[in-house]
Amino acid sequence: EFGDRVASLVEAESDKFVKGFSERDSWIDRKKAALERLADAPYDAKIVAMGDKLSNMRAIARDYERIGDELWKIFHAPNGKSDHEWRYRELAVALFDLAGTPAYREFITLLEKTFGQKDYGTPEKIDINNYIRNGERFNAESYNHKRRRTMIKLYAESVSPKIPLRELRTAMNVFRMGLLTPMPGRFVTDGKRFGCEFSRVVDKKSFARAISENPDSMKRYAAEFARMCKQLHSTVCNPAVFPSAADEACKAVENATIFTTDEKKKVLDFVKSVPPATTCLHGDLHIGNILDSSFGNLWIDLADFSYGNPLFDFGMMYLVCRCNPDDLTKKLYHIDNAAMLKFWEMFACEYFGADTPEKFAEVENRLRPFAALKMLYFRIKGYDDFIRESLLG
């Protein structure tokens, strides 16, 4: 009655009209077939499905809060709650293209309220032929799915699977806090490398890429980055969920091989002297890790998210803007060191009020030791002289 397009949208999200299956087949088999079809359905069909499944999830969450496990007795699933948990978690995967929408965020919130938070254990095998390589990071590569609005970040073979697993769990905790970040998906592997899946923000550019393509926009992005950092650094973090940046710095000092025992004590005393705080820190703060999009600005690469004094965050920012060789800056941020320094000066003016050469020099002197602490994580020998001079000089 309503035409082929409406019929196809309804068919794509229906559990009953799956080619090759009927109600004589088992509940699980019918749901699996419907989920596979929905995962490959057009974007507009997924929007219709999201409306339907969110309505169902709202009702389930409301009734579960009211009557508990008695709820599952009214459904046809053979194994009760476990079957429904499996189905709704798989729906979250099938509808992952919509992860940037408020509807999807609400769906995940209600799902976790009813069934508990998902843990990530065994990685799911992906076929890399379904993806197109679109970028390179310090120790990872990113790929976009050819048909779906998803992307994966695959770490180098030398990187332990614990690293992407930590990134995924951390990103999910940040997502739960309500901070703007792409929705985390699955823990994945291509058979050799391990990585994370995220919702793909289609109309996005990193601040670094945007500045490289339009240098005249640098001042605007410096002001916006300062605003986002102030917002992040004024957000209270949960110390029970995220690590302490000061504790992580102490571990890096303890593991460092460039210090004597007495020198380690001096550096550790410095770290412990930093005024404590419980505000959010990105942990890998630079203009490659924030996206400009129609959804707003989104933080990405959250594996090192932590809490503490913002000075620890700016150690990474100083390192990126002032210490990297020119070829590395161009490779990772698409601009040269001269442009990066110009951005850093604009940013320091906006965030720290460093609007004179004297104030700027004061900011740099204050941040240099924190950049040295951050360098300890990378264990690059070329940084040794800077580390020793900044922390022991």
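**Ring Contacts and Cavities in a Predicted Model**

Ring pairs join Phe207, Tyr221, Phe225, Trp299, Phe314, Tyr318, Phe343, Trp344, Phe347, Tyr351, Phe352 and Phe386 into a cluster. This is a predicted model, in which local features need pLDDT of at least 70 and side-chain atom pairs count only at pLDDT 80 or more, while totals for chains, interfaces and linings use all residues. Residues are numbered from 1 along each chain as its sequence is written, and side-chain values use heavy atoms, with hydrogens and water left out.

**Aromatic pairs**

- Rings of Phe, Tyr and Trp (its six-membered ring) pair if their centres lie within 6.5 Å; planes under 30 degrees apart count as stacked, over 60 as edge-to-face and the rest as tilted.
- By this rule, the count is 24 aromatic pairs.
- One of them is the tilted pair of Trp72 and Phe75, with 6.3 Å centre to centre and 35 degrees between the planes.
- Trp72 is buried (under 20% relative accessible area, with exposed over 50% and partly exposed in between, for a 1.4 Å probe and protein chains only), at 6% relative accessibility.
- Phe75 is partly exposed, with a relative accessible area of 31%.

**Charges over rings**

- A charge sits over a ring if NZ of Lys or CZ of Arg is within 6 Å of the ring centre and within 35 degrees of the ring normal.
- The charged end of Arg87 sits over the ring of Tyr88, 5.4 Å from the ring centre.
- Arg105 lies over the face of Phe175, 4.0 Å from the ring centre.

**The largest cavity**

- A cavity is a set of points, on a 1 Å grid over the protein atoms alone, where a 1.4 Å probe fits but cannot get out; lining residues have an atom within 4 Å of a point.
- The whole structure holds two cavities of 30 Å³ or more, a volume being the space filled by probe spheres set on the grid points.
- The largest cavity holds about 200 Å³ of space.
- Its lining has 17 residues, of which Ala92, Ile108, Lys118, Tyr120 and Met183 are the closest to the centre.
- Helix H5 (102-115) is among the elements that give two or more residues to this lining, and H5 gives the most, with four residues.

**The second largest cavity**

- The second largest cavity has a volume of about 70 Å³.
- Its lining includes Lys31, Lys53 and Arg87.
- H2 provides the largest share of this lining, five residues; helices here are DSSP runs (H or I, at least four residues), numbered from the N terminus.

How values were computed: 1 Å grid on protein atoms, 1.4 Å probe; cavity = no way out; pocket = protein on both sides within 12 Å on 5 of 7 lines; lining within 4 Å.
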